[in-house]
Amino acid sequence: MIDAFDLTGRSAIVTGASRGLGLGMARALAGAGARVVLNARDAASLDQAAEIIRAEGGTVDVVACDLASEAEQLVDDAATLCGGMDILVHAAALRDRRATAQLGAEDFSRLLDLNLTASYRLARAALPHLTRASAGRLIFVSSIAARIARAGDPGYVACKGGLSALTRALAVEFGTTGLTVNAIAPGLFATEANAALVADPAMRSFVEMRVPLKRWGDPTELATAVLFLAAPRSSYVNGITLTVDGGQSAQM
Ligand SMILES: NC(=O)c1ccc[n+]([C@@H]2O[C@H](COP(=O)([O-])OP(=O)(O)OC[C@H]3O[C@@H](n4cnc5c(N)ncnc54)[C@H](OP(=O)(O)O)[C@@H]3O)[C@@H](O)[C@H]2O)c1
């Protein structure tokens, strides 16, 4: 039987790959046979992530850099390491859960700079490689916050809304090249970044009331979503934001 998710011979960059959802997706891609370049700022935690993947039999390299200033350099380094690039999964993001009264315009710009402008710069630098690849795949990690807003979180909501819009814009612009551009919109996932919320009893009640599955998602539960979008056989899936939220955004 043909394995529809086999990525043997393909190379991928995953940003935000030192922990949480980025690491979960990098493990999935490497497990499917891709050679994966992991990116985050902290070199030590990237090395730990690489060791986890190597122990599982995967092939990985690491490039530690700050996407706010070195998005293009990351693409150059990764393409040099792998001799090209087939898949880019962009999961790195900055979180600042402050309400409008507290989130000044400069804080808002800082969020936009990393979460949206750096995403554009990264994609723009990667596009020549991805369009040259056969079945290139550009996958942004957006959020259900792109469509539904939590009160008091204007910066993140605006960035993720922009990222889903950028997904559509690049999908329609580059469709003729064979590249597909899609996004994943996670709901509530129990990553390190959410540790305090996971431990918060009020949040537990919220999750039980608002998420039909009545639990947080586990980072491993994004694996099939990223493999589906990365697979060469998903060649007619373009411009979508794939929601993975246990049904949260489907519920009134
Ligand atoms: N967890 C959720 O419930 C959830 C829900 C919806 C959407 N998302 C989205 O999913 C993605 C991952 O979320 P997460 O919870 O796994 O986040 P996380 O645990 O905070 O991880 C963020 C990752 O991005 C890296 N990073 C941060 N700033 C960077 C920069 N300037 N340059 C390069 N790398 C940088 C971090 O490593 P360094 O600090 O070493 O750089 C880390 O590897 C984000 O886009 C987030 O918005 C998450």
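A polar contact is a pair of N or O atoms within 3.5 Å; within protein, one of the two must be able to donate a hydrogen and the other to accept it, and residues adjacent in sequence count only if both atoms are side-chain atoms. The structure on display is a predicted model, in which local features need pLDDT of at least 70 and side-chain atom pairs count only at pLDDT 80 or more, while totals for chains, interfaces and linings use all residues. Residues are numbered from 1 along each chain as its sequence is written, and side-chain values use heavy atoms, with hydrogens and water left out.

Select the ligand and then Phe189, of which a backbone N or O atom lies 2.8 Å from an oxygen atom of the ligand. Next, select Asn194, where a polar side-chain atom lies 3.0 Å from a ligand oxygen atom. On its own the ligand has 890 Å² of accessible area, and the protein covers 91% of this (Shrake-Rupley method, 1.4 Å probe; for residues, only the protein chains shown count as cover).

**Second stop: the shell**

Helices (H or I, at least four residues) and strands (E, at least two) are DSSP runs, numbered from the N terminus.

Select Ala49, which lies in helix H2 (residues 43-55). Is Ala49 buried or exposed? Ala49 is buried, with a relative accessible area of 1%; buried means under 20%, exposed over 50%, and partly exposed in between (1.4 Å probe, protein chains only). Draw a line from Ala49 to Leu23: the two are 26 residues apart in sequence, and their C-alpha atoms are 6.9 Å apart.

Move to Ser142, in the loop between strand S5 (137-141) and H5. Ser142 counts as buried, at 2% relative accessibility, and its side chain joins that of Ser164 through a polar contact of 3.0 Å.

Finish at Ala101, in the loop between strand S4 (87-90) and helix H4 (105-132). Ala101 counts as exposed because its relative accessibility is 74%. Ala101 and Thr80 are 21 residues apart in sequence and 45 Å apart in space, C-alpha to C-alpha.
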